[in-house]
Every structure is written in C-alpha cells, then in structure tokens.
2 protein chains.
Amino acid sequence: MKQNIYENPVFFKEYISLRESGVTYNDFIEQPAIKSAISTLTKKSILDLGCGTGHFARYCIDKGASKVTGVDISRNMIDRAKIENSHEKIEYICTPIEELELHNQKFDLIISSLAIHYIEDYSKLIVKIRSLLNKNGEFIFSTEHPIATARNEVNNWVKDENGNKLHWALDSYQEEGKREHNWYVDGVVIYHRTISTLMNTLIDNGFSIEKVIEPQSIPSGLDKMPKLVNEERRPSFIVIKSRRLS
Amino acid sequence: MKQNIYENPVFFKEYISLRESGVTYNDFIEQPAIKSAISTLTKKSILDLGCGTGHFARYCIDKGASKVTGVDISRNMIDRAKIENSHEKIEYICTPIEELELHNQKFDLIISSLAIHYIEDYSKLIVKIRSLLNKNGEFIFSTEHPIATARNEVNNWVKDENGNKLHWALDSYQEEGKREHNWYVDGVVIYHRTISTLMNTLIDNGFSIEKVIEPQSIPSGLDKMPKLVNEERRPSFIVIKSRRLS
C-alpha cells in the first residue's frame, strides 16, 4: 500500500504550520530553483504532480498559465487547496500519482515538487509522464538529492562532542530502494535512486536533459535560517529539467 | 603551472607497475564502463585526451577505428606509448590538453579516461572539445565522481577502532576547485566539480547528455580485488556520454 504520510494528523499539523511560516527549505532553496527552471508559464497547460495545498498551481495561473491540473494523494491537502487556492482555471484531483488517469489530456508542462521520492516505480512514472506530455513539453521536478538519501539513517550529519557538524555520512549509494526517515514522525518512507537512474530513465524514454540544479539557499534564506549554509556542504535537493523530444 | 604528476619518478614507477598488473580500478570498473558507452569505433576518427601509454588507442584500432590521435601531458607516457602501442594509424602528441592545437582537424569521437579532473578550467575544455568534434560526434569521458572528490581529505572512509569502514565522509560539495589527494605521493592536485557543473557546461555548449554511468566492478574484479565491493557504498567514478548536437 502506498504510504500517505500527509494523512497522519501529527505530521499534517506540523507540516502546515511549517509551510505557513514561510521559513522553510522549500521557500529558500527548492521553490526558487524549480521556478528558475521553467521556460515560461504564459498560456501553458500545466500538470502539478503532488500539488499539496495548491500554492504552485495558483502561482502558475498568476503568471498566465491557461489551466492547471493539481494532483495529490492527500485528501487533507486537496481539501485545503480547494479552499485556499481555488480558481476556475485550476482543477484539483485527489489520487496517488501512480493511479492518475487523464484520458486524452496532454500538457505543455508537468511539474513535480518534492513528490517523486515517494514513488516506488520511477520508470513506470516516467512512462506515464511522457504519455501526458505534448511533444516538446517540459517535465521539471525536484527530489531529494541522492547524496542526501543514500544512507538509511535518521541523521547523516556526523558531529563532534560539542554538536559541531564534522561531515556528511554517505553509504549504500548503489543500493536503490526504500529508506525510512524521520520527518516530524518516524518511518516516513522514501525511495533512494542514483543520479544515473534519475537521468538515464528520462533519456531512455525520449527526454532530453536540459538543466540540472543542485540548489543552495537564496540570500534571504541564509538570514532567516542560518543552518541553510549547510547546503554548501551537501545538497538536500536536485532539480532536473527535461523535455519530451519525440 | 600545470601539475604533471606523471613526471614524478616515484609516482610513475608505481603507476606503471600497477597498470601492468592488470588488477586496478581501471581494469575492473572504469574501462569496462567507458567502453560500454561507445556506440561504435568502426571507421571512426578518434581523439584520446590523456592517452597514457596508448592502450586505449590501440584498442580503438583493433576495433576498426580509422585513426587515433593520442594526447598526453607526460613525456614518460608518450615515450612508452610510442614503444608499446605504435601503429601507423595512431599519432601521439605530448602536450597538456589545455594547450592542444589541431588546426582544421575534427573527430567523430573524443574520449578522455580519468584525465578531466586534472583540468582546472572545465568550461574552456568543453568549448575546445566542441570545436574538435564533428557534428553528431560523441564525447565520452570518465572522471572522479563528485561524491569522491568533494571533501578535501586524504582518506574519506571513516573507520571504527578495528578498521571497519563505517561510512564515506562527504563535505564541501558546492565548493568547486582544487583538492590535494594522496595517490602514491602527497599533493596530487585534482579539481572537484559538482554533478550540475559537469552536466550543464555540456548542455550549454550544445551537447546532449546521452548516458550517465556510475560504474561498479565487473564480476571478475570482485574476485581479484575484494575491496571493489565498496563501490556499492560510494562511487569512485562517473562516466558521461554526450553528443555534439549543433
């Protein structure tokens, strides 16, 4: 069964509280990077896989997108999205990404922000994404960086007796598959994949790789969350921009 | 001044002795991977950047290449190449890659095996490589993996009191530039670059990324060098296959 951590009430409350603070890794690292990779939103039809509460869907409409379909596994998220980011050009669908069926619909841009590491079968996902993209359409996603997910431990910073971070611990890089992390609650399941798997699966399915971003914090993030300086030491996220060629 | 570690007699003697043993990371990990990435050698004109003693140049001719130009900074290497792997279809040139001048010559395939981490200016190198490639020509290279080069320490395996490897230490990932390693001798200078720099510099210069390999040992390597099992834990090398599009 697919894990849906966002239905866990402890997790969901913490998550929403964090996101609403505006002081998160998403705000200062991941969202600026993924937005920077988008060629244009004007008049584009967009599919947002893992849309959460619809902030990004709303952003797309504000930037001139013609329509957005937002998909999320979490009923909590979709309910909130429909209240907070409702718009006539946005449709929200509550379903696991793996089970999404959109007959005869294709999109100019498919985006997925920090959702793909929850998906077990990456290859099947890419086949599906290709089938949902117009030719020359863009697929842009962020995911936890393979350097961050490789070792299956709760905390991979190795510290000295005073709590100073000595280095990042990496292990089991080539062993793809399930990892259990702690993120507000224990046992959050994600899937580790190598850089080469992330890239080659796209290439083998007729995508070109257009840009790879290993983002660091924007300057205001370093003021508000000083620990983000640690992104210089090891990347938390990777953003890949690709295009369906044929 | 460019470092040419291969002119250090201590280093060179050790290096040759190791390579001639046939029991190396090159034999079991890097060479099988880079060879697997080549589409075809038949009737191809090939430039080998960092050709060493010419083993790969000779391999290309044996596989039907029409000509090979082998380039190496080391006079020791080129002298040996001319004795051991001389062939009428192979030309050897002793020069730093950065200073190579080949007027009006273009190649179908440019290959570089574990040399690019010695080059300080990667961007300038890629511009040069593009100028030396025929349209649709392939550029395939191996380099030390960014995971392996990020932290500037001699040994990045963290061990317990019994010498067992606990994990790989990673740090300073985003800080590109000079690293000093120990490899037979102290102070071997290499340059660390991120995954995104390796990829984006190619893409920005009109190359497509065709394959990314993070190789592990071939089975016979695990028999002869049991420590190669550690490649499962962290990759030593990365191989990138690219193609000049325009």
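Visitor: Which residue in strand 7 of chain A is the bridge partner of Trp157(A)?
Guide: This is a predicted model, where local features need pLDDT of at least 70, side-chain atom pairs count only at pLDDT 80 or more, and totals for chains, interfaces and linings use all residues. Residues are numbered from 1 along each chain as its sequence is written, while chains are lettered from A and ligands numbered from 1 in the order in which they are written. Strand 6 (residues 157-159) of chain A runs antiparallel to strand 7 of chain A, with three bridges joining them (strands are DSSP E runs of at least two residues, helices H or I runs of at least four, numbered from the N terminus; strands pair if DSSP finds at least two bridges between them). In strand 7 of chain A, the partner of Trp157(A) is Trp168(A).

Visitor: What residue in the turn of that hairpin has a positive phi?
Guide: Strands 6 and 7 of chain A make a hairpin, with five residues between them. In the turn, a positive phi of about 85 degrees belongs to Gly163(A).

Visitor: Which residue of chain B stands opposite Ala169(A)?
Guide: Strand 7 of chain A also joins strand 7 (residues 165-170) of chain B, antiparallel, through three bridges. One bridge pairs Leu170(A) with Trp168(B). Opposite Ala169(A) stands Ala169(B).

Visitor: Which element gives the largest share of the side of chain A that touches chain B?
Guide: Each chain puts 29 residues into the contact (C-beta atoms, placed from the backbone, within 7 Å). Strand 7, helix 7 and strand 10 of chain A are the elements giving two or more residues to chain A's side. The largest share, six residues, comes from strand 10 of chain A.

Visitor: Why do the copies meet through the same surface?
Guide: By class, chain A's side has twelve nonpolar, eight polar and nine charged residues (nonpolar means Ala, Val, Leu, Ile, Met, Phe, Trp, Tyr, Cys and Pro; charged means Asp, Glu, Lys and Arg; the others, Gly among them, are polar). The copies meet through the same surface because the share of chain A's interface residues that are also interface residues in chain B is 100%.

Visitor: Which are the edge strands of the seven-strand sheet in chain B?
Guide: That open sheet is mixed, in the order 3-2-1-4-5-11-10. Strand 10 of chain B pairs with strand 11 (residues 237-244) of chain B in the antiparallel sense over six bridges, and Lys211(B) has Lys241(B) as its bridge partner. Pairing on one side only, the edge strands are strand 3 (90-94) and strand 10 (207-213) of chain B.

Technical notes: Two residues are in contact if their C-beta atoms, placed from the backbone, lie within 7 Å.
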